[in-house]
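Please read the following account with the sequence and the coordinates side by side.

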Amino acid sequence: MTEQTQPLRIDIVSDVVCPWCIVGYSQLKQALETTGTAHEIHWHPFELNPEMGPEGQNLGEHITEKYGSTREQSLASRAQLTNLGAGLGFDFNFTDEMRMHNTFNAHQLIHWANLQGLGNALEQALFSAHFTHQRDLSDVDVLVEIAGEAGLDKAEAKAVLEKQRYAEEVRKIESFWVQQGIRGVPAIVFDGKHLVTGAQGTENYTSILKQLTGAPA
C-alpha cells in the first residue's frame with residue numbers, strides 16, 4: 001500500500017432527517033481529523049420518506065408506524081442517540097412534538113449548494129435545524145432562511161425552490177444510488193469503490209482511513 005498522494009474522495013448518501021447520518025458523519029469527521037487525512041466529501045440525496053406530504057408526521061407516530069417500535073423502544077433509541085451526539089459535539093433535542101418531514105426540497109438546495117462549494121455547510125445546518133431546533137424542512141421559507149445562515153444567497157435559494165430548478169437532477173441522482181443497491185443510510189463510499197453502511201464508530205472509520213491511505217496503523 002502506497003501512501004496517499006491526493007485527497008481521498010468520500011461520497012456520502014444521506015438524508016438530513018436521518019439521525020444515524022449525522023452520527024456517522026460526526027464519527028467520520030473525528031477519524032479524518034485524528035488521521036490527518038486529506039479528503040473531499042460529496043453529499044448525495046436519499047429520501048427516507050419520499051411519499052410524505054407537506055404536513056409531515058409526528059415523529060413518535062412515524063417510528064411506530066414505519067418500524068413497529070414501541071414507545072419504550074423509541075425513547076431508548078432517542079436516549080442512545082442523544083448520548084452519542086453529545087460525545088460527538090452534536091445536540092439532539094428530541095421532543096414528543098417533533099415531526100418528520102419530506103426532504104425533497106432540502107436535497108435540491110444541497111445540490112445547488114454543492115455547485116458553490118457550500119454543500120457541506122448547508123448539510124450540517126439542515127441537520128441542526130431538524131434535530132436541534134425542530135425546524136420544518138419541508139417549508140420553503142424555513143429552507144431559504146437556513147440557506148442564508150449557511151452562507152448562500154437567500155433570493156437565489158428561493159428561486160431554486162420555486163422553479164424546482166434541480167428537481168430532475170436530484171431524482172436522477174437518487175435513482176442512481178438506489179440502482180447501486182443503496183436501501184438505507186448513511187452509505188459512505190470511499191475512493192469510489194469501498195462501501196461502508198451505517199454509523200460504524202470513530203475507531204472503525206479510523207482503521208478504514210489508515211488502510212485506504214497507507215498511513216501507519
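Is Cys18 buried or exposed? At 5% relative accessibility, Cys18 counts as buried, where buried means under 20% relative accessible area, exposed over 50% and partly exposed in between (1.4 Å probe, protein chains only). Cys21 is buried too, at 2% relative accessibility. The whole structure has zero disulfides, a disulfide being a pair of cysteine sulfur atoms within 2.5 Å.

This is a predicted model, in which local features need pLDDT of at least 70 and side-chain atom pairs count only at pLDDT 80 or more, while totals for chains, interfaces and linings use all residues. Residues are numbered from 1 along each chain as its sequence is written, and side-chain values use heavy atoms, with hydrogens and water left out.

Helices (H or I, at least four residues) and strands (E, at least two) are DSSP runs, numbered from the N terminus; two strands pair if DSSP finds at least two bridges between them. Strand S1 (residues 8-14) pairs with strand S2 (residues 39-45) in the parallel sense over seven bridges. Ile10 has Ile41 in S2 as its bridge partner. From S1 the chain passes through H1 to S2 in a right-handed β-α-β crossover: with the strands pointing away from the viewer, the path from the first strand over the helix to the second runs clockwise.

Strands S5 (residues 187-190) and S6 (residues 194-197) run antiparallel and are joined by four bridges. Phe190 has His194 in S6 as its bridge partner. The two strands S5 and S6 form a hairpin with three residues between them, and Asp191 in the turn has a positive phi of about 55°. In the loop between helix H8 (167-179) and S5 is Pro186, which a cis peptide bond with omega of about 5° joins to Val185.

Gln134, in the loop between H5 and helix H6 (140-149), is not a glycine but has a positive phi of about 50°. Gln134 is partly exposed, with a relative accessible area of 32%.

The largest pocket is lined by 24 residues, with Pro19, Trp20, Ile63, Tyr67 and Leu81 nearest its centre. A pocket here is, on a 1 Å grid over the protein atoms alone, an open set of points where a 1.4 Å probe fits, with protein on both sides within 12 Å along at least five of seven lines; lining residues have an atom within 4 Å of a point. H3 gives the largest share of the lining, five residues.
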